[in-house]
Amino acid sequence: MHYINRFIKRNIRLIEMVGVVMRIISFSLVSWMGPDSPFVFVWIFNTLDAIILSWCAILKKDMAYSMLNIFWIFVGGVGLFRTLYRC
């Protein structure tokens, strides 16, 4: 884990940009395609970007963005569960 954190810290700006672009793509798909959007893909993609951005925020000790993105991980988990199990 130490090696991963060191890698992320060295490349944090690029990794955060990747996470932000992922979030823009996922919300754009839903906005443009509406109900025809690939829903499971969007939930998975959005949850992955939340994990990336949470990890970066935690390493930067940014409590506000850590909480926000951890919340999005939770939302993604609920969304995936509901999508996959049709609740």
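This is a predicted model: local features need pLDDT of at least 70, side-chain atom pairs count only at pLDDT 80 or more; totals for chains, interfaces and linings use all residues.
Does W43 count as buried or exposed, and at what relative accessibility?

1. W43 counts as buried, because its relative accessibility is 19% and the cut-off for a buried residue is under 20%. The residue therefore falls on the buried side of that cut-off.

2. F39 and W43 both belong to helix 3, where four residues, about one turn of the helix, separate them. F39 is partly exposed, because its relative accessible area of 41% lies between the limits of 20% for buried and 50% for exposed.

3. Aromatic pairs in the model number five. One of these is formed by F39 and W43, with an edge-to-face arrangement, 5.9 Å from centre to centre and 85° between the planes.

4. A further edge-to-face pair consists of F71 and W72; here the centres are 5.8 Å apart and the planes make an angle of 65°. Ring pairs also bring in F27, so that F27, F71 and W72 are linked into a cluster. Both F71, at a relative accessible area of 44%, and W72, at a relative accessibility of 22%, are classed as partly exposed.

5. T83 counts as buried, because its relative accessibility is 13%, under the 20% cut-off.

6. T83 is one of several buried residues in helix 4; the others are S66, N69, V75, G76, G79 and L80. The cover over the buried residues of this helix includes helix 2 (12–33) and helix 3 (39–59).

7. The length of helix 4 (residues 63–85) was compared with expectation. At 1.5 Å a residue, its 23 residues should span 33 Å, and the C-alpha atoms at its ends are 33 Å apart, so the two values agree. Just after helix 4, R86 adopts a positive phi of about 50°.

Notes. Residues are numbered from 1 along each chain as its sequence is written. Side-chain values use heavy atoms; hydrogens and water are left out. Helices (H or I, at least four residues) and strands (E, at least two) are DSSP runs, numbered from the N terminus. The expected span of a helix is 1.5 Å times one less than its number of residues. Buried means under 20% relative accessible area, exposed over 50%, partly exposed in between (1.4 Å probe, protein chains only). Contact means heavy atoms within 4.5 Å. Rings of Phe, Tyr and Trp (its six-membered ring) pair if their centres lie within 6.5 Å; planes under 30 degrees apart count as stacked, over 60 as edge-to-face and the rest as tilted.
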